[in-house]
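Please open the model in your viewer and keep the selection tool at hand. The stops below are meant to be followed in order.

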Amino acid sequence: MHKSSTLAVPEHAGVPRHLAIIMDGNGRWATQRFLPRSAGHARGVQAVRRVVEACGRRGVRYLTLFAFSSENWRRPQEEVTLLMRLFVQTLQKEVDKLNEQGVRLRVVGDTSAFDSGLQDLIRKAEERTAQNDTLHLTIAANYGGRWDILQAMQRMLTEHPELCADPKGIDETALTPYLTMSFAPEPDLFIRTGGEQRISNFLIWQLAYTELYFTERYWPDISVRDIDAAFEWYRTRERRFGRTSAQLAGGD
Ligand code: IPE
Ligand code: IPE
Ligand code: MG
């Protein structure tokens with residue numbers, strides 16, 4: 001279990017230990033080229049490959065990618081079906097390579113909504129890579145930050161019914177083990193591509209003290225240089241977690 005960054009200041013290394021990304025702009029990338037949105041999603045998968053490799057090489061330990069939100073079901077049925085198919089194809093194609101690279105793959109989100117074939121593939125990919133420790137790659141699929149907090153609360157109270165009679169006994173340390181990302185430290189850096197400056201119900205609990213970086217670049221166009229630029233910006237941030245600069249300089 002990792003301590004909350006709001007309690008302890010994590011070491012500020014030049015490279016984020018945990019990078020969380022909202023991969024946005026696939027549709028606009030395609031529309032700009034008079035292509036169907038599906039072409040943007042296909043190119044988006046190639047960008048994932050690029051970014052995973054770059055992060056691995058730069059020593060990022062945890063990379064969490066938002067692939068499908070709990071709100072994305074509201075898209076046209078055709079697009080939802082295509083995204084699911086792409087997810088299946090990508091798992092089938094990429095898991096061997098990820099495994100060779102020492103990547104541990106996890107999927108967080110309400111996967112019970114997926115068809116059983118996809119659930120099976122996810123389980124097998126997670127089992128297959130469970131011993132790896134080089135890069136922890138997490139795909140958030142049918143994920144919503146509010147869902148995460150609610151499911152954590154439900155599981156906590158199921159396991160500890162005595163807390164119902166003692167709600168003041170519920171504190172951060174009681175709840176956080178039940179959040180889906182409890183295996184990872186909180187994200188140090190968040191990147192959203194595609195120009196929007198919002199969180200869109202991503203890791204709302206875990207992003208409390210994360211450095212937020214927004215770029216206009218559409219996800220399919222994201223380059224290793226863009227990632228480096230984000231890291232460069234991250235290096236200039238002073239992470240105070242409520243303290244003053246002087247306190248940090250004094251090491252208090
Ligand atoms: C992000 O790109 C991918 C998913 C949400 C699955 P979008 O599909 O949201 O692309 P835009 O925002 O419409 O350009
Ligand atoms: C957020 O992108 C979700 C993913 C990237 C998976 P959206 O494109 O769905 O976000 P909103 O709805 O425009 O905020
Ligand atoms: Mg979008």
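The model is predicted: local features need pLDDT of at least 70, side-chain atom pairs count only at pLDDT 80 or more, and totals for chains, interfaces and linings use all residues. Residues are numbered from 1 along each chain as its sequence is written, chains are lettered from A and ligands numbered from 1 in the order in which they are written, and side-chain values use heavy atoms, with hydrogens and water left out.

**Stop 1: ligand 1**

Select ligand 1 and display its surroundings, which comprise M23, D24, G25, N26, G27, R28, R37, H41, A67, N72, R75 and L83; a residue is listed here if one of its heavy atoms lies within 4 Å. Next, examine the polar contacts (pairs of N or O atoms within 3.5 Å; within protein, one must be able to donate a hydrogen and the other to accept it, and residues adjacent in sequence count only if both atoms are side-chain atoms). Oxygen atoms of ligand 1 lie 3.4 Å from a backbone N or O atom of G25 and 2.9 Å from a backbone N or O atom of G27. The side chain of R37 also places an N or O atom 2.9 Å from an oxygen atom of this ligand. On its own, ligand 1 has 380 Å² of accessible area (Shrake-Rupley method, 1.4 Å probe; for residues, only the protein chains shown count as cover), and the protein covers 87% of it.

**Stop 2: ligand 2**

Select ligand 2, around which are found I22, M23, D24, F66, A67, F68, S69, N72, R75, R192, R198 and S200.

**Stop 3: aromatic rings**

The structure holds 10 aromatic pairs, meaning rings of Phe, Tyr and Trp (its six-membered ring) whose centres lie within 6.5 Å; planes under 30 degrees apart count as stacked, over 60 as edge-to-face and the rest as tilted.

Select F87 and F114: their ring centres are 6.2 Å apart and their planes stand at 90°, so this pair is edge-to-face. The pair links distant parts of the chain, with F87 in helix α3 (residues 77–100) and F114, 27 residues apart from it, in the loop between β3 (103–108) and α4 (116–128). Helices (H or I, at least four residues) and strands (E, at least two) are DSSP runs, numbered from the N terminus. F87 is buried at 15% relative accessible area, as is F114 at 5%; buried means under 20%, exposed over 50%, and partly exposed in between (1.4 Å probe, protein chains only).

**Stop 4**

Select N132 in the loop between α4 and β4 (135–143). N132 is buried, at 15% relative accessibility, and its side chain reaches the backbone oxygen of V103 at 2.9 Å.

Finish at Q247 in helix α8 (residues 245–250). Q247 is partly exposed, with a relative accessible area of 31%, and a polar atom of its side chain lies 2.8 Å from the backbone nitrogen of T244.
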